[in-house]
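Here is a structure to explore together.

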Amino acid sequence: PTPPLLSPPPSLRIVHSLTMASSDQIPAQAAPSPSSSMNKADQAIEQWKIKKLIRSLEAAKGNGTSMISLIIPPKDQISRVAKMLGDEFGTASNIKNRVNRLSVLAAITSAQQRLKLYNRVPTNGLVVYTGTILTDEGKEKKVSFDFEPFKPINTSLYLCDNRFHTESLAELLESDEKFGFIVMDGNGALFGTLSGS
């Protein structure tokens, strides 16, 4: 079975989120930003939420290049990204296909509005997904998600495509734990470490 189309996981630490169906605006509940010291149980829950979000985002498909994936690392500036989006807005105004141009401009405007909610980039960075997706019934639906990940994301990304790019979110799920191995026999010893997925 396919996951429901872009329903945020329960209590995902979404700082600001908005899902719009035509002209109706339904704000999602804001949650506190992640703390820097998370115990293993909390981190496991956050990883599960991210996995569920990734499945939902990967299932979403759009028309043309109307879906924006934006990742801002912790030390970046909101003003720099806002300027970049302004430049992209000017470039997108030259798209020849009217429907695609309007979809891209709407997605960029939505991303700009999301950024206005922040004075600075949150401690762990900022992830924004916005655009127009096609529902199972073939109707268009405008969606917008922005949240602070549960651990620092050191990737800078801006892509406008017909899908959301979640590869960097998947990297957050890799384990930071390191394991050491010692293998000994009568001929010698071998030392090794293992980390990641």
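Q: What is the bridge partner of V183 in β8?
A: In this predicted model, V183 is bridged to L190 of β8.

Q: What makes β7 and β8 a pair of strands?
A: Pairing calls for at least two bridges between the strands. Strand β7 (residues 178–185) and strand β8 (residues 188–195) are joined by eight bridges and run antiparallel. They therefore count as paired. A hairpin of two residues links β7 to β8.

Q: How do you know that the length of helix α2 agrees with its number of residues?
A: Helix α2 (residues 78–92) has 15 residues, so at 1.5 Å a residue it should span 21 Å. Its end C-alpha atoms are 21 Å apart, which agrees.

Q: Which residues of α2 are buried, and how do you know that they sit on the same side?
A: Buried means under 20% relative accessible area, and I78, V81, L85 and A92 of α2 are the buried ones. They lie on the same side of α2 because their arc around the axis is only 65 degrees. In an α-helix there are 3.6 residues a turn, so residues three or four places apart point the same way.

Q: What do the two faces of α2 meet or carry?
A: The buried residues of α2 pack against β3 (67–72), α3 (98–115), β4 (126–134) and β6 (157–161). Turned away from that buried side, the other face carries the exposed residues S79 and K83.

Q: Why should some predicted coordinates not be read in detail?
A: Low pLDDT is the reason, because such coordinates should not be read in detail. Over residues 9–36, pLDDT stays under 50. For the protein chain, the mean pLDDT is 78, and 79% of its residues reach 70 or more.

Key: Residues are numbered from 1 along each chain as its sequence is written. This is a predicted model: local features need pLDDT of at least 70, side-chain atom pairs count only at pLDDT 80 or more; totals for chains, interfaces and linings use all residues. Side-chain values use heavy atoms; hydrogens and water are left out. Helices (H or I, at least four residues) and strands (E, at least two) are DSSP runs, numbered from the N terminus. The expected span of a helix is 1.5 Å times one less than its number of residues. Buried means under 20% relative accessible area, exposed over 50%, partly exposed in between (1.4 Å probe, protein chains only). The arc is that of the directions from the helix axis to the C-beta atoms. Contact means heavy atoms within 4.5 Å. pLDDT is the predictor's confidence in each residue, from 0 to 100.
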